Amino acid sequence: MAQMFEFKKVTVGPRALTAKVELAPSAPLKTSEDPDAVDLILGIMPGLSDHVCLGDAAPTFGEVIYDTELAHLLEHVSVELLAQSNIAGDVARGQTQEVAERVYEITLGCPDDVLVAGALSSAAWILQWAFSGGGEPKPDVEATVGGLVSLVEDLCASEEEARAQAAAAAEELAETEPVEEVAELEVDYVFDNQAVEDAEQLEEDRAAEAEQTGDLSSEDSPEPSAEAAPTPKTDDWDMGDVPRPHLVR
């Protein structure tokens, strides 16, 4: 038989996982179409008979299991796998609802999305086996549940290891000595006044030489020109003639 179930969409919420499941055209809609398959499932999962079932005419699922929707059986097989895992907590809130022709929504309590998705997938495989006539290999429910538990534990261990590594890295980073701040570059801006001093000394030397030689007498000395510029002060020089201030590092 071709695959009986096709999972169209799986939605994981904070408290429940909802799967939209479509039955294949060749799959029976109700368990009453193949009671032998129901016998096979009860043979490996007898606890299904004791499930409380509030949505049907009888209070327990065992009283309706031979005449219920195949999707409803898929829900209860998933719940049984979760219950046997002993790590699923409260999983008694399963629900099956028809949303279109041969399309159902199965909602399961979701203590762990990986665990619930794995249980639903395993339940679909068990129903596939039973409604295909049974045969070998026969599902090993205990091994299936053990595999689901190991899967969850391995994922939890991986997450714990990742968190531990992250915490260790953060602690190591916190213990690392901070890098010293780079000192700001101190720059002194000074003017080179040597050129000014040289100019003043030159003027003094010329005045002393003129006084010693007496080249200029009072009567021979030309009258100062009205256009003659006064001697510049030392702090008012022509920047074109004096070297520019330079940067000393």
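Predicted model: local features only at pLDDT ≥ 70, side-chain atom pairs only at ≥ 80, totals over all residues.

Q: At roughly what angle do the axes of α1 and α3 cross?
A: The axes of α1 (residues 35-44) and α3 (residues 113-130) cross at roughly 130° and come within 8 Å. That angle makes α1 oblique to α3.

Q: And which hand is the crossing of α1 and α3, right or left?
A: The crossing in which α1 passes α3 is right-handed.

Q: Ok, what about α2 and α3, at what angle do their axes cross?
A: The axes of α2 (residues 70-85) and α3 cross at roughly 125°, and they come within 8 Å. So α2 is oblique to α3. α2 passes α3 in a right-handed crossing.

Q: Which residues make that contact of α2 and α3?
A: On the α2 side there are L70, L73, L74, V77, S78, L81, L82 and S85. On the α3 side there are L115, V116, A119, L120, S122, A123, A124, I126 and L127.

Q: How many of the residues in the contact of α2 with α3 are nonpolar, polar or charged?
A: The contact of α2 with α3 has 14 nonpolar residues, 3 polar ones and no charged ones.

Q: Switching to strands. How many bridges join β1 to β2?
A: There are 7 bridges between β1 (residues 5-12) and β2, and the two strands run antiparallel. β1 and β2 form a hairpin, with 3 residues between them. As one example of the pairing, V12 stands opposite L17 in β2.

Q: Which side chains of β2 are buried?
A: The side chains along β2 (residues 16-23) alternate. L17, A19, V21 and L23 point to one face and are buried.

Q: How many bridges join β2 to β4?
A: β2 and β4 (residues 103-109) are joined by 7 bridges and run antiparallel. A16 has G109 in β4 as its bridge partner.

Q: How many residues of β4 are buried?
A: Of the 7 residues of β4, 6 are buried, so the strand is largely enclosed by the rest of the structure.

Q: And in what sense do β3 and β4 pair?
A: β3 (residues 95-100) pairs with β4 in the antiparallel sense, over 5 bridges. T96 has I106 in β4 as its bridge partner. β3 and β4 form a hairpin with 2 residues between them.

Q: What is the phi of R102 in that turn?
A: R102 has a positive phi of about 65°, and it is a residue other than glycine.

Q: Is R102 buried or exposed?
A: R102 is buried, with a relative accessible area of 17%.

Q: Where is N86, and what is its phi?
A: N86 is in the loop between α2 and β3. Its phi is positive, about 65°, although N86 is not a glycine. N86 counts as exposed, at 69% relative accessibility.

Q: One last thing: is the peptide bond from E136 to P137 cis or trans?
A: The bond from E136 to P137 is cis, and its omega is near 0°. P137 sits in the loop between α3 and α4 (141-175).

Note on methods
Residues numbered from 1 in each chain as written. Heavy atoms only, no water. Axes fitted to C-alpha atoms, helices over the stretch in contact; angles between N-to-C directions. Helix = DSSP H or I, 4+ residues; strand = E, 2+ residues; numbered from the N terminus. Parallel < 35°, antiparallel > 145°, perpendicular 65-115°, else oblique. Left-handed = near helix turned anticlockwise from the far one by under 90°. Buried < 20%, exposed > 50% of the residue type's maximum accessible area, 1.4 Å probe, protein only. Pairing = 2+ DSSP bridges. Contact = heavy atoms within 4.5 Å. Nonpolar A, V, L, I, M, F, W, Y, C, P; charged D, E, K, R; others polar.
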